[in-house]
Amino acid sequence: MDTMAALALATEKPTPDLLDRKPYGLDEKVPISAIMWRSILGQAAYQIAVLMVFIFLGADWLDLEDKGRVHYTMVFNTFVWMQIFNEFNARKVNGEWNVFHNIHTNWMFGAVMVITVVCQVLLIEFGGEAFKTTRLDLVEWAICVGLGFVALPLNLLLHFIPISIFTSLFGMCFGHKTEYIGIPDVETGHGSDSEDGEGDALNSAWASPDPSRRKKKKVKGKARASSDSD
């Protein structure tokens, strides 16, 4: 499933907006922005909470055999559907509200989603002893898919959490200096987001290029220039 997701997301076509973003050299680390951390931690917290409740309380709530085949099949199915819907969120990682924007331009993404869903249905309905799964009824399927679907509105709710919380938290914990990687504002030159407009703090990052590498790169450039002149 990870391979399929990587294929779907890696085939997204480049947009003109990429020309407004800061370039990174081959010897520089591309940082994880504060927006990405917000999404990662928010979705992870939701998934962990749902799975823990499902594992320890789901059998009683749904009148299932505790740790039985149906119980664990629903846990597995719910986990997979949360990843499927979160793949749509992963299409937009810079604070965009509409994760479905231009989705029709990437047929590969749609094909991968269809293949993933079909494989998951076959795995649940016909996996049997090979995958330790069992068939689910319509209500059980609705519960699994519904819990997975929550990842989409959750992504919208996460937009209302101030980015400054994450910049402060990671600054205190790891002492990293922040670097703006967002779209530069035409008037101020500072990073800002094209849709959210939350300002500089929206696109803070935790990793900055190593200054020593820049010096080495400059030295190599000067040496090459001098050899060419000779």
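This text looks at one helix and then at some aromatic rings. The model is predicted, so local features are given only at pLDDT of at least 70 and side-chain atom pairs only at pLDDT 80 or more, while totals for chains, interfaces and linings use all residues. Residues are numbered from 1 along each chain as its sequence is written, and side-chain values use heavy atoms, without hydrogens and water.

Helix H6 covers residues 138–149; helices here are DSSP runs of H or I with at least four residues, numbered from the N terminus. From first C-alpha to last, H6 reaches 16 Å, close to the 16 Å expected at 1.5 Å a residue, where the expected span is 1.5 Å times one less than the number of residues. Glu-140, Trp-141, Cys-144 and Gly-148 of H6 are buried. Seen down the axis of H6, these buried residues fall within an arc of 100 degrees, so they line one face; the arc is taken from the directions from the helix axis to the C-beta atoms. On the other side, Leu-138 and Val-139 are exposed. Buried means under 20% relative accessible area, exposed over 50%, and partly exposed in between, with a 1.4 Å probe and protein chains only.

The whole structure holds five aromatic pairs. Rings of Phe, Tyr and Trp (its six-membered ring) pair if their centres lie within 6.5 Å; planes under 30 degrees apart count as stacked, over 60 as edge-to-face and the rest as tilted. The rings of Trp-81 and Phe-85 are 5.9 Å apart at their centres with planes at 35 degrees, so this pair is tilted. Both residues lie in helix H3, four residues apart.

Definitions and conventions: Helix = DSSP H or I, 4+ residues; strand = E, 2+ residues; numbered from the N terminus.
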